Every structure is written in C-alpha cells, then in structure tokens.
Amino acid sequence: MAELNVQHVDKIYDNNVQAVFDFNLDVKDGELIVLVGPSGCGKSTTLRMIAGLEDISRGKLLLDGKDITQTPAKDRDMAMVFQSYALYGHMTIYENMAFSLTLRKENPNVIHKKVLAAAEILGLTSQLNKKPSQLSGGQRQRVAMGRSIVRNPKVFLFDEPLSNLDAKLRGATRREILLLHKRLQATMLYVTHDQTEALTLADRIVCMSMGHVQQVGTPLELYDAPANRFVASFIGLPPMNFFSATVREGALEGKGFRVALSEEEKGILLPYAGKEIDLGVRPEDVIQGDEIAMNVFSNENLGMNTLVHGHLGGGEKVSAKLRGWYDYKNGDNVNVAFARKHFFDKESGVAIRKGAKA
Amino acid sequence: MNDDKLTRLDRMRYTKNTLASGLALLAILFDVFFFISIYESNVGSWYYNILMGASILYNLIFLLAAFLCSEGIKNYKISYAYVMIVLGIIQLVRIFIYPVTAHNSTVIIQEQAVTVMETPQFIRCALYLVLSAACLFVGAFVGMTRSKQLSAHLKALGLTA
C-alpha cells in the first residue's frame, strides 16, 4: 500500500477563484482519512486534485515519496468511488467490475479471479450476472467499491459515496466500508459532509471550511478539543451551544447566567480576565444542576435521551441533551449546570488553551 | 483439470458466448450480401419472379431466426445451436434453388434473349450462401461445445444452468 503527502497545495480556478488554500496532509500507510466540511469548503476539490481529475495550481503531491503532481490520473494507481456510482447500465455486475482490468488487457483468468475475490469480500457473488438496475442503492455502491478493489490500487478515494442512500442503508454501508478498510488495510481518503460518517470511520479527520484546513486530528481530538469555534460547531450533534461571556472574579458572566470556574479553568482564562470570550457547551454537557435556570420552549424525546431547548435567563438559546425521558412543557423552568466548557477567543474564534495569550 | 482450464470454464458462468453469437451475426451479414446480389438478376418470367419473391420472403424469416439464434446461443442455450444447424443446411440447399436454376438460363425481355444469372454473379451468390452456412455450422459447434462444458461445470459445482 502507500503513503501520501500533500504539500502546500492550492487550487485556483481560471476565473481566479481560490477553492483550496495551502492544504497540507501526510497520510500514513493503511490510514483512513476523512475530509469533512460543509458544502463548498473545498474537500471534493482536494480529493479530485489528489485523484488527478483537477490540476494542482500550486504545491506538491507525493505518493510513496514520488512526485505525482503532474502525473495523469490513469497512471496514479488510485481508485475513486463516486457518489453517483458511475456504473455502466448495459453491463452486468461482473462486467462492470472487470471493466478496468479488461481495458488494461489483463489475462481474463486473472481478471476472473480478482472479480470473484472482490465480490466475495463485498457479498456480491450472487449478483454478478445481474444488471445495475436490478440492484439496490447500497448494492450498487458496493459494486462501485468492488470495481476499485479489483484494481488493487495504492490509494482508495471516496467522494461522498453514501449520499445517495437512505439513512438505514447509509449506516449499513458505512459499517461495510469500515470492515473493508480493516480487511484490506488500504490507504483511504474519504470525503463527506456528514460528521457522523467522519467520526465513525476516520482514523484521522481533516475538518475544512472555506478552502482552509481548520483542524487535523483523531475523531476524539476534534470532538473533545476543537481547535476553533468552527470545528466545535461542526463536529457534534446537536451542535455546540455558544454564549458570550465575560471572565470576572473567577467566574463567567453572560446574559442571564453566571457560572463558577474551576481552578484549572481559571488558570486557562487568566489572560482573559475582564474580557469577553465565547463559551461553548455541548448539549450533552448541559446537565441537571442548580447553576442556571432554563426556560423550556421545546421538548424532543429521543428514547434514551431528551433534547430540551430553552432560553437562559437573559434570553440566550440553549439546547440540552438530558439522559432519560422527560416531558417538559413549554414555559417550564429547569435548573441546569455546565459539566464541561470550551472557551474560544471572541475575535479569532480560536480555542483558548493553557498558556494562551489574550 | 488444471487451474487455468477450470478458471476458463468458470468464467463462462459470468461471460456471454460472444464467439458463437458473433458467428451467427456474421451469417446474417453474408446472407444480406446474397440478398443484394440476387437483385442483379434479369428476371423476365413469372417463374423466376416467384423464385426470387420466395427467396426474399425466406430472407426475412432467416434474418429473424438467425438473430434469435445469436441471442440464444450468447446465453449458452443449446437448443439454438440445433436451430443454427438447420438454418445452415437450408442455406446450402438454397444454392440449388435460385442461383443454380437461374445460372445461365435465358429469358426473353423485350424480344431479346438475356441470361438470368451470369457465372460471376452465380459464384458470388453461391459463395455468400456457403459462407453464411459455414458461420452457422461453426457457431453451432462452438455454442454446443461451450454449453455442454458449462452444464458439466455447473453440475460439478452443484448448481443448475
């Protein structure tokens, strides 16, 4: 398999619109990297540049130490799986999977063995004589993956492969991709706008916004220690609550609330004394307590949890994911506390960590 | 049986018999050439008119039957191989119906004796029919052989065709 290095890559279109800014990434052998971000953030463009389907305006792309920046897509030894499957409707599943090898004029017996092996991995053996139109969306996506597997490429590239599937099928196919990665131990790059996919699949996540990389890290790092306000708001469902608050006398004061800080938090926020910051609290970290009063306006029962939406005393909206089943009515008052807090610089949006300067 | 031969056999489970099917289509092509060639004949009597009309009519039937055979044999259906053999025999028999009877025969057209079919035209017509028949025979043979091989292979795997 392969190591991939993306060095200072920019993408500037002919109309001078820059889609990707200084993208850097080192992908280790056998690693599954997920590029996540909202629509238009440049993640698909980055993947297409790596695949060779888009020119790289600036920067370098190395595969196993070899510069492939100018190498045509067909010679890069990478296989791409598209959202739209891109299967040939007039060919059987067998023929679709064998197609790339047939074009390369490989020995038909070798092709046969590779196709059968890939079909076995993907559970498609009984479907090989069917046409794509006879298969479900999930099966079609598996065929698209099978077409990549038979080529035995150095790198697998997935461009939102599950977007066309319904929620149930998406979950099942996601697990299949994960199993496939464990089985093949292949280097994979996966693009999605779905943070659940990113968190469940990735060895490491690259979170992007407006063409810039916001943070690269493990799913836990992105969830637990977001680098900035964007990452904090993008990763996690429901999204993080944000409040404006001022650091004052060992506490945070906002509109309608005052929360005490722990000694560690006081240390982190020492340079911000008297200044306004953004306080971030995940809905699952809003717990029942006696610090702040929340006025409920909506109650959603999710089974194990109840998602309660309300206003803090000063009118700021807050969502709380409370463990258990509750039936709060509109106008009920619930006392809550913040179990865990994230702090962000008001101006830059960057996370405030130990030793930060205001 | 060695591994290569076994893989070749197993491939037939997922690939079409394009060789046999292609030969059936080639037989159609030669028949079309024959079809075109017989129009050059100087038919001046009701006898040759009827013979040529019948030949045209049969050509239409042949085109349909041979095309169906091409599709059937492509999917390793052995019964179509037998139909192809019958069609091939008929193509050979046809040589002795129209081209042979018309060859060097004369008819009166506008009070002049003319030859219905000259020798070069006869050779062309006969050749096209022979080639068409040959394609059908070879296609049927290939189809039959591969169908039997596939059936035996599927039987060995405990599957049905």
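**Notebook: chains A and B**

I read chain B along its sequence and got the pattern α-α-α-α-α-β-β-α. That is six helices and two strands, taken as DSSP runs numbered from the N terminus (helices H or I of at least four residues, strands E of at least two).

The model is predicted, so I note the limits: local features need pLDDT of at least 70, side-chain atom pairs count only at pLDDT 80 or more, and totals for chains, interfaces and linings use all residues. Residues are numbered from 1 along each chain as its sequence is written, and chains are lettered from A and ligands numbered from 1 in the order in which they are written.

**Chain B, overall**

I looked up the extent of chain B: its C-alpha trace spans about 75 × 25 × 20 Å along the principal axes. I find 30% of the 161 residues buried (20 or more other C-beta atoms within 10 Å of the residue's own, C-beta atoms being placed from the backbone). Of the contacts in chain B with a separation of 6 or more, 77% join residues 24 or more positions apart; a contact means C-beta atoms, placed from the backbone, within 7 Å.

**Chain B against chain A**

I find six residues of chain B in contact with eight residues of chain A. The chain B side holds one nonpolar, one polar and four charged residues. Here Ala, Val, Leu, Ile, Met, Phe, Trp, Tyr, Cys and Pro count as nonpolar, Asp, Glu, Lys and Arg as charged, and the others, Gly among them, as polar.

**Domains of chain A**

Chain A is divided into domain 1 (4-234) and domain 2 (241-345), with bounds from an automatic or database domain assignment. Four residues from each of these domains of chain A make the contact. The domain 1 side has two nonpolar, one polar and one charged residues. The C-alpha centres of the two domains lie 39 Å apart.

**Helix α2 of chain A**

In α2(A), residues 93-103, I list A:Ile93, A:Tyr94, A:Asn96, A:Met97, A:Ala98 and A:Leu101 as buried. Their cover includes α3 (108-122) and α4 (137-151) of chain A.

Definitions and conventions
Contact = placed C-beta atoms within 7 Å. Buried ≥ 20, exposed ≤ 12 C-beta atoms within 10 Å, placed from the backbone.
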